[in-house]
Amino acid sequence: MKKNLNVVGESVLRNDVVEKVLGTAKYIDDYKFDGMLYGFTVRSTISHGKIISINISKAKKINGVVNIFTAKDIPGKNFFPMILNDYPFLAENKVLFYGQPIALVVATNQEIAKEAAKNVFIEYEELEPVLDIHYAMKKNSPKIFGSDNILRKYIIKKGNIDQGFKEADVIVEDVFETNYQVHSYLEPNGMIAVPQPDGGITVYGTMQCPFYVHDAIANILNIYHNKIRVVQTTTGGGFGGKEDVPSLVAGHVALLAYLTKKPVKLVYTREEDFHGMSKRHPGYIEIKYGAKKNGKIVAAKVRYILDGGAFATLSPIVLWRGTVHAVGPYDIPNVLIESFAVATNKVPCGAFRGFGQPQATFANESLIDILAEKLKISPLKLRQINMLKPYSRTATNDKISNSCGFKKVLSEVIKKSKYEKILSKKNENLSTIKTGAGLAIAFYGVGLGAGGKYIDRAGAYLQIQKDGTVIISIGNTELGQGVFTVISQIASEILGAPYEFVKVLQPDTTRVPDSGPTVASRSTLMSGNAVLDAAKQVRERIDTMVLKLFNKSKGKVYSNGKEYFISTNPEKKIHYLEVIKKCFVQRINLSATGWYTGEDVSFDSETGQGKAYYSYTFSATVAIVKVNILTGVVEVKKIVSGHDIGKAINPKLCEAQIEGGVIQSLGYALTENLVLKNGIILNPSFAGYLIPTSMDIPEIIPVIVESKYSKGPFGAKGLGESPMITPSTAIANAIYNATGFRTKKLPVTPEILLELKNKK
Amino acid sequence: MKKKITFYLNNEKVVVKCHPLKTLLKVLREDLNHTEVKNGCEQGECGACTVIIEDEDKKSFATNSCLVAIGQVEGKKIVTIKGLNKEKELHPIQKSFIDEGAVQCGFCTPGLILVTKSLLDNNPNPTDEEIKYAISGNLCRCTGYIKIFAAIKKAIKLVKKIRNSKKI
Ligand code: FES
Ligand code: FES
């Protein structure tokens with residue numbers, strides 16, 4: 001045997017892309033059903049106010065309009081289940097943000113539905129909107145959530161913060177702010193609901209979390225779970241933007257189908273998607289570090305505030321993740337973190353790749369560079385002195401396990417980027433183009449952690465068919481990240497079945513038990529382990545058959561990926577298909593269900609201490625930039641981004657995750673600038689909100705480090721989010737190195753850079 | 001005010017009756033069920049709806065079908081991604097996109113493949129800058145474009161190889 005693994009660790013080709021290059025893959029808007037109607041959402045045109053009346057008479061007269069529904073038509077509960085359960089499907093007597101759904105039009109085609117929506121007239125009594133988090137937190141501001149506009153707050157206390165700062169030789173502190181980020185998945189949100197003969201409903205759509213959608217439909221229609229089926233269609237990107245809000249879209253379309261007894265399609269226009277769907281939270285972070293002369297950080301204090309928008313949805317757990325990681329990936333004995341998610345009359349913010357961490361990282365990884373300069377220690381050295389290593393303790397006093405390849409990640413990234421050389425190189429005084437290098441590092445708790453531990457489980461179903469092909473169902477969704485391929489590799493490896501034989505079926509809530517959401521870089525770990533469990537049960541039965549065929553009563557059976565053999569006689573082999581055939585003749589059950597629950601985690605909400613996550617990934621990114629100080633234009637030349645992910649099941653897919661994440665982070669740093677006025681988004685299009693194009697792309701060198709996690713499938717931890725966390729701050733630090741302008745705001749648009757320059 | 005409009009779609013003659021200002025994207029998706037042409041914005045900003053249009057004088061170019069009124073394509077040839085594969089075989093550009101891992105969610109993929117095809121039809125030896133420029137109107141939020149560049153470069157080689165072998 002040359003190697004231990006046949007297909008895990010290999011960059012096999014994805015098994016879901018032939019249909020995508022042929023154009024035959026079906027996304028939600030590509031489906032049609034007989035007699036299908038079309039929905040359109042009537043939205044609030046003000047940021048805050050009371051609804052006095054809703055006049056639908058003119059709209060209803062339009063030819064082709066079937067009906068118009070409002071909150072009073074909802075047979076079940078008027079909110080979708082999500083943590084604080086505060087987001088109504090349709091506004092009842094007040095609206096809290098521009099774009100909030102108020103009524104639903106259903107018509108024979110989309111144009112008519114859209115036209116009719118414009119002719120629904122709503123009379124409001126306008127109220128003063130709360131647009132700013134600081135104002136929202138003041139005593140005298142209008143209250144739109146509870147008695148204080150605080151959606152959630154946390155505190156983390158470790159050691160003695162006052163003592164810590166007293167011991168410090170040097171103290172630095174600053175304030176950092178970040179703007180919204182829009183997911184900009186290329187496929188807008190959308191769903192189709194089809195009523196069933198038994199009074200139930202089937203909903204198809206683009207989504208990350210079919211089980212959330214399932215709960216939402218049960219809520220709005222007040223029908224049993226076993227009458228609802230949710231099927232994920234091929235999904236054109238998610239990045240967190242299809243975690244919570246598809247529940248809203250699905251609830252709406254289910255309601256329309258239920259009330260009209262016809263299939264209904266509701267697909268958002270890009271503009272609607274901009275106005276109505278969730279965003280990355282704007283962040284405001286006050287941060288302070290105290291350090292000894294030798295560089296050891298002894299105290300860290302953070303006040304971290306997220307602008308949650310009008311409803312809580314996922315804000316409590318986005319805030320939680322940001323809080324847990326707020327002082328950075330450092331071993332600091334004395335910590336105080338206070339954090340708040342604040343309600344404002346703006347679009348509700350939710351999940352976005354990185355989940356509260358990119359904001360916090362911008363603050364701590366900028367401040368660490370400021371501290372380094374003050375201490376006259378290199379930014380690299382300062383990080384090396386303080387960074388987490390095996391057995392050191394995080395801010396929540398969680399002990400880092402030995403699945404920690406942080407040191408290696410950092411050293412490889414430094415080496416491959418020539419960071420130190422570029423950092424110390426002086427720019428020509430007269431030149432208008434300045435070159436610089438920047439570094440940022442982070443850790444990332446994999447999975448839902450203690451913030452979502454009751455839903456951190458996953459199921460799987462696996463079956464070998466008569467011809468040896470394999471079908472698998474999992475509860476996590478394919479969003480483009482490649483999870484179906486990874487799952488197929490894991491199953492293929494364990495079963496000894498050729499990879500090409502394995503197919504993962506369309507996620508469907510009737511196929512596997514609730515497996516939680518497809519978020520938090522948890523799919524490889526959770527669904528991977530569930531499939532591992534199922535595949536192992538089937539493999540055991542296969543092994544028994546193989547031994548029987550070899551006339552052995554016991555022994556270990558091996559596979560080379562298509563044939564089985566035993567160690568005592570490795571020359572003699574039996575083909576996989578032959579064994580499967582024998583199993584069928586002998587009526588062996590070649591199917592199994594699998595299950596995995598996450599390791600135990602805990603969190604004391606009084607002190608903020610506990611085992612927040614079962615495992616962490618570690619990352620480091622160096623950015624090399626060229627800045628034109630006359631125009632303020634930043635060109636990113638190169639990004640080296642390294643990640644300890646435990647094990648790369650498919651290295652090429654991992655590279656792709658890193659590249660994609662890095663570029664989203666680059667957009668976050670430089671070009672993606674959502675502009676709001678009075679709570680209204682002024683640039684709700686790709687013409688006004690600029691995501692990176694092919695012209696903005698630097699050289700990217702992905703680095704993968706494998707420091708195995710004992711409970712992960714083949715040692716894997718997770719990767720999806722990590723690449724989104726550090727690059728933006730590495731770019732900001734590189735801009736400082738190039739120009740001497742320290743930005744405290746993201747994005748750093750050319751205007752902001754020129755402003756910084758003028759101030760200097 | 002419906003009008004009869006005739007054009008050629010993937011080499012087949014089609015006749016539609018509709019308002020001449022209806023967009024080509026809508027006609028393709030809604031009236032002709034060619035859902036391989038994607039709608040990412042309907043504002044001419046994402047490239048997901050890209051098709052290739054061939055003029056009377058055989059000049060072809062890739063364009064956003066959401067910005068084209070159906071009245072403008074009278075008599076013209078339109079190619080969508082489904083017009084690329086004769087029989088079951090993948091077009092070399094499609095093959096390169098798979099081999100290089102340039103496809104993630106796939107929503108941008110038909111558009112990007114068509115833009116690449118149009119580029120190579122008009123310029124078999126594009127420079128790196130020309131490639132970047134050619135695809136700059138096609139947004140991809142998943143890949144970071146790196147593997148798309150790689151796929152295009154591979155496709156250039158493959159297409160050349162096929163052309164050369166045909167010459168012999
Ligand atoms: S749909 Fe035509 S450019 Fe976006
Ligand atoms: S692969 Fe998802 S947008 Fe390009």
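Predicted model: local features only at pLDDT ≥ 70, side-chain atom pairs only at ≥ 80, totals over all residues.
The size of an interface is often given as the accessible area lost when the parts come together. Chain A and chain B bury about 3,900 Å² between them, and carbon and sulfur atoms account for 58% of this area. On the level of residues, 54 residues of chain A are in contact with 45 residues of chain B. Of the area that chain A buries against chain B, 18% is supplied by A:V21, A:L186 and A:S694, more than by any other three residues.

Within chain B, the domain assignment gives domain 1 (3-83) and domain 2 (92-166). The C-alpha centres of domain 1 and domain 2 of chain B lie 21 Å apart. Contact between these domains of chain B involves 17 residues of domain 1 and 13 residues of domain 2. About 1,200 Å² is buried between domain 1 and domain 2 of chain B, with 64% of that area coming from carbon and sulfur atoms. In domain 1 of chain B, the residues losing the most area to domain 2 are B:T50, B:I52 and B:I81, which together make up 40% of what that side buries.

Two helix pairs of chain A were also characterised. Two packed helices are described by the angle between their axes and the distance between the axes. For helix α15 (residues 523-549) and helix α16 (residues 576-585) of chain A, the axes come within 10 Å and cross at roughly 100°. Because angles of 65 to 115 degrees count as roughly perpendicular, α15(A) and α16(A) are assigned to that class. Helix α15(A) contributes A:I542, A:M545, A:V546 and A:L549 to the contact, while α16(A) contributes A:V579, A:I580, A:K582 and A:C583. Seven of the residues in the contact of α15(A) with α16(A) are nonpolar, none is polar and one is charged.

In the second pair, the axes of helix α17 (residues 651-670) and helix α19 (residues 727-739) of chain A come within 7 Å and cross at roughly 50°. Helix α17(A) is therefore oblique to α19(A), and the crossing of the two is right-handed. From α17(A), residues A:V662, A:S665, A:L666, A:Y668, A:A669 and A:L670 meet A:P727, A:S728, A:I731 and A:I735 of α19(A). The residues of this contact between α17(A) and α19(A) comprise eight nonpolar, two polar and no charged.

Technical notes:
Residues numbered from 1 in each chain as written. Chains lettered and ligands numbered in written order. Heavy atoms only, no water. Axes fitted to C-alpha atoms, helices over the stretch in contact; angles between N-to-C directions. Helix = DSSP H or I, 4+ residues; strand = E, 2+ residues; numbered from the N terminus. Parallel < 35°, antiparallel > 145°, perpendicular 65-115°, else oblique. Left-handed = near helix turned anticlockwise from the far one by under 90°. Contact = heavy atoms within 4.5 Å. Nonpolar A, V, L, I, M, F, W, Y, C, P; charged D, E, K, R; others polar. Domains from an automatic or database assignment. Buried area = accessible area lost by both parts, 1.4 Å probe.
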